[in-house]
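Please open the model in your viewer and keep the selection panel at hand. The tour below moves from one selection to the next and says what is found at each stop.

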Amino acid sequence: MKIPERRLDPDLREIEKKLLEGERLGMEDGLACLATSDLTGLGQLALGVKRARYGNKAFFISNHHLNYTNICENRCRFCAFHRASDSDDGYTMTPEEAAKQIAESPVADLREVHLVGGCHPDLDFPYYPALLKALSHARPGLEIKAFTAVEIAHMASIATISSMECLKRLKESGLSAMPGGGAEVFSERVREALFPRKIDADTWLRIHGEAHSLGIGTNATLLFGHMETQPEQVEHLLRLRVQQDASGGFRAFIPLPFHPENTPLNHMPGPTAVDILKTIATSRLILDNFAHIKAYWVMLGPRLTQTALHFGADDLEGTIVKERIAHQAGAKTAAGLTRDRLIELVKETGFEPVQRDTFHQPLDASLDKVNK
Amino acid sequence: MTVKSLKEVIAAAEEGRLVFQDALLLYEKADLLTLGQIAQRMRFQKNPEPVVTYAVDRNINYTNICVSGCSFCAFCRQKEDHDAYVLDRPTLERKCRETLELGGTHILYQGGMNLDLDLQWHESRIRMMRDLGLHVHGFSPPEIVFMAENAGLAIDEVIQKLITAGLGSIPGGGAEILVDRVREKVSPKKASTSQWLEVMRTAHNLGLKTTATMMFGHIETAGERIQHLFAIRKLQDETGGFTAFIPWPYQPGGTTLTTRAAGGTTYLRMLAMSRVVLDNIEHIQSSWVTQGHHIGQVALHFGADDLGSTMIEENVVASAGVHNTISRSEIIRLIETAGFVALQRDTLYRPVERKAEDGRRRSVGSNG
């Protein structure tokens, strides 16, 4: 029986050649990745890059997501989480309440609090340092990864200080790292349509650059699968790569598939799994100066997260405990996963689960046992 | 016999038919994406067009009363249970008419092993469905074995009677794992491996097409999974009567086997292996109903060329707590965004002409 020629996309061969020669990928390459019909071929390229960095490892963290408020004046059209300040189900935690939740967190070996909220019009600046301090003391050995660049810009404007000054004060109060949210898509066209009140790409990137200059490591995200075009997706990655070349403080990139439920965009279906895997793989290939690509299990679901580990992702985020933002938008996953379940998910894929800290350092196994 | 290296086995898979040891080695050692690529090669060899088919149908379960008592099943009931049922004729007719209105072409018609339902009862129901204009894809082999035993007839006599009444094809359910060690543990009262194969052989010889399934991820070993594929391949060499193969992982929940459901990559590996080993079966179906839309779609790059059906109604997987539903427009979107052309088919994989009003804007399928 004659076997037909392997249907490897010729554009992928070109990209493979560039990768082997250490040549950076550009817009055309990114578009070729997103357009390819050879999903597993693309995956193999991304997995090759991932394996060269980390071999068989897949990272996760014991963490707890906390949303200190859902009140936000930005009212982005893709968001199902925000509430108006006079809303019945709006809430804001006092620093004490937030600390209590962390003190009572079911995660026995908790390492990190992931803290994001909204742009609350009535909170004074001192609330934020107080919140960081309270959380830092809620448990020993905690790192606080807090506030998107959007929240930083909002606080700075409330305090009438620069974003740089704001970051300095927060760092003094216990800010260890920043999450990557609020980047959405770096496109003025999309911003005007979906999130006109939110800071623009230049501001988002500038604030991350400032954080990096202060030694605060940050993440970056892309919210994809709504109205953005593929060139806009790739442009987003390229702009992140330029910023990383300049400031070097990004640790992980997290592609976030849009969830439409309970948003004004609920007529849109959200991206399919093939879109998601292509975006993850393309991110791994373009972001050659980013250490980590995260498969955010909350938005992918456990099965696709497992698959994404074969498409260039090396990190699954963490235990999380109580995710609210994606769940308000219809995520069907659990609100949190236990450490054992994360380990089991990774092991089933054939990869090796490695528990890490906020700074992506693997935890010492023996220390880990003691903590457990 | 010398043991081949993985590289040699991959080469062998690309050359042609795999022997058992090579298949097992490939399954246990090959990287997921490598398996996917070998599977896609076979997929395009069997079905060269980048077309993915789907069906519009309804699963109707005529009874949930079953004497089989399989340890993995959450659907079966005892006759005296408060939620035991036998579907009455008017309800069946209503369900069939709804299916036709939604552009459905056939009914997947299965049920439990219920001693109160005799062959005449079944024949009259099939006749009704056929007379309404629906193709009846009905009665998995264990049901046929059960009917034959109750009626004191041979397998071929039962199938012939069902054909005369209007049966169009036989679904491949109840295969579970076609290894008696496994069957004795999980479904001891159900048709044995040889009985299951014998029903299919007989059906094929009487001119019926059938599908074949595999329920994996419970107590079977990797070798037994491959044995299952080889049993199907062997019979297909003999009869050529299987149209499609559908592997799906056991879904725990409310059932008495308590292991966790196999994950996404385990499913994709098994699916790809099915495509690679079953070089004589035309179609491999993705199981969105157990895997959800995400992995159901990704499967189209791991050997599947069919996305199953809209399943206007599905009860068996749902009884294990798994509730995935899909509309026709969503099936088409999944196929198209995966890079393929969507085509509605009937049970026998023939294209179905779609009327204008059945276009993609119309959403079918809710699983109530």
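What percentage of the 372 residues of chain A count as buried? The share is 52%, where a residue is buried if 20 or more other C-beta atoms, placed from the backbone, lie within 10 Å of its own, exposed if 12 or fewer, and partly exposed in between. The model is predicted, so local features need pLDDT of at least 70 and side-chain atom pairs count only at pLDDT 80 or more, while totals for chains, interfaces and linings use all residues. Residues are numbered from 1 along each chain as its sequence is written, and chains are lettered from A and ligands numbered from 1 in the order in which they are written.

**Chain A as a whole**

Select chain A, which holds 15 helices and 10 strands; helices (H or I, at least four residues) and strands (E, at least two) are DSSP runs, numbered from the N terminus. The radius of gyration of chain A, taken over C-alpha atoms, is 20 Å, close to the 21 Å that the globule rule (2.2 Å times the number of residues to the power 0.38) gives for 372 residues, so chain A is as compact as a globular protein of that length. Its C-alpha trace spans about 70 × 50 × 40 Å along the principal axes.

Next, select residues 95–103 of chain A, helix H4, in which A:Ala98, A:Ala99 and A:Ile102 are buried. The buried residues of H4(A) pack against strand S2 (63–66), strand S3 (112–115) and helix H5 (127–136) of chain A.

A:Leu135 and A:Leu277 touch the most other members of the largest nonpolar core, which has 214 residues. Such a core is a set of buried Ala, Val, Leu, Ile, Met, Phe, Trp, Tyr and Cys residues joined through C-beta atoms within 7 Å.

**A loop residue with positive phi**

Move to A:Ile320, in the loop between strand S9 (315–318) and helix H13 (325–328) of chain A. This residue has a positive phi of about 65° although it is not a glycine, and A:Ile320 is buried, with 22 other C-beta atoms within 10 Å.

**Strands of chain B**

Turn to chain B and select residues 106–110, strand S3, where five of the five residues are buried, so the strand is largely enclosed by the rest of the structure. On one side lie B:His106, B:Leu108 and B:Gln110, and on the other B:Ile107 and B:Tyr109. Strand S2 (residues 57–61) of chain B runs parallel to S3(B), joined by five bridges, and B:Arg58 stands opposite B:Ile107.

Then select residues 209–216 of chain B, strand S6, in which seven of the eight residues are buried. S6(B) pairs in the parallel sense with strand S7 (residues 242–249) of chain B over seven bridges, two strands being paired if DSSP finds at least two bridges between them.

**The contact between the chains**

Finally, show both chains: the contact takes 27 residues from chain A and 27 residues from chain B. H12(A) gives the most to the side of chain A that touches chain B, with six residues.

Key: Two residues are in contact if their C-beta atoms, placed from the backbone, lie within 7 Å.
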